[in-house]
Amino acid sequence: MNQPVRILVVDDTPMNVKLLEGVLTGHGYAVTTAPSGVVALERVREERPDLILLDVVMPEMSGYEVCRRLRAEESTRLLPVVMVT
């Protein structure tokens, strides 16, 4: 049996997270969420998602910075990221 695709939703707006999580879960995806860039980087190491939906504008660390850090690591360099704004 195939494992569902794992998607990490990163957004500091709870309503956006809830919406994306509901839609994606309803389509059979395994969804993990993160409220910030710092937490997102931790979740990537722990959860190993197949795709990241990443908010651009967040406090502490922007989506651009998260993406730069992911691209700097060999293990996440090719991880698909969709920037959401």
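**Notebook: salt bridges and helices**

I searched the whole structure and found 4 salt bridges (a side-chain nitrogen of Lys or Arg within 4 Å of a carboxyl oxygen of Asp or Glu). This is a predicted model, where local features need pLDDT of at least 70, side-chain atom pairs count only at pLDDT 80 or more, and totals for chains, interfaces and linings use all residues. Residues are numbered from 1 along each chain as its sequence is written, and side-chain values use heavy atoms, with hydrogens and water left out.

I looked at R6 and D50 next: their side chains form a salt bridge at 3.4 Å, N to O. The two are 44 residues apart, with R6 in strand 1 and D50 in the loop between helix 2 and strand 3. Helices (H or I, at least four residues) and strands (E, at least two) are DSSP runs, numbered from the N terminus. I noted R6 as partly exposed at 33% relative accessibility (buried is under 20% relative accessible area, exposed over 50%, partly exposed in between, with a 1.4 Å probe and protein chains only).

Then I checked E65 and R69, a salt bridge at 2.9 Å, N to O. Both sit in helix 3, 4 residues apart, about one turn of the helix.

I also found R77 bridged to E74, with the closest N and O atoms 2.6 Å apart. E74 is exposed at 63%, while R77 is partly exposed at 36%.

Last, I turned to helix 2 (residues 37–47), whose buried residues are G37, V39, A40, L41 and V44. After helix 2 comes R48, with a positive phi near 50°.
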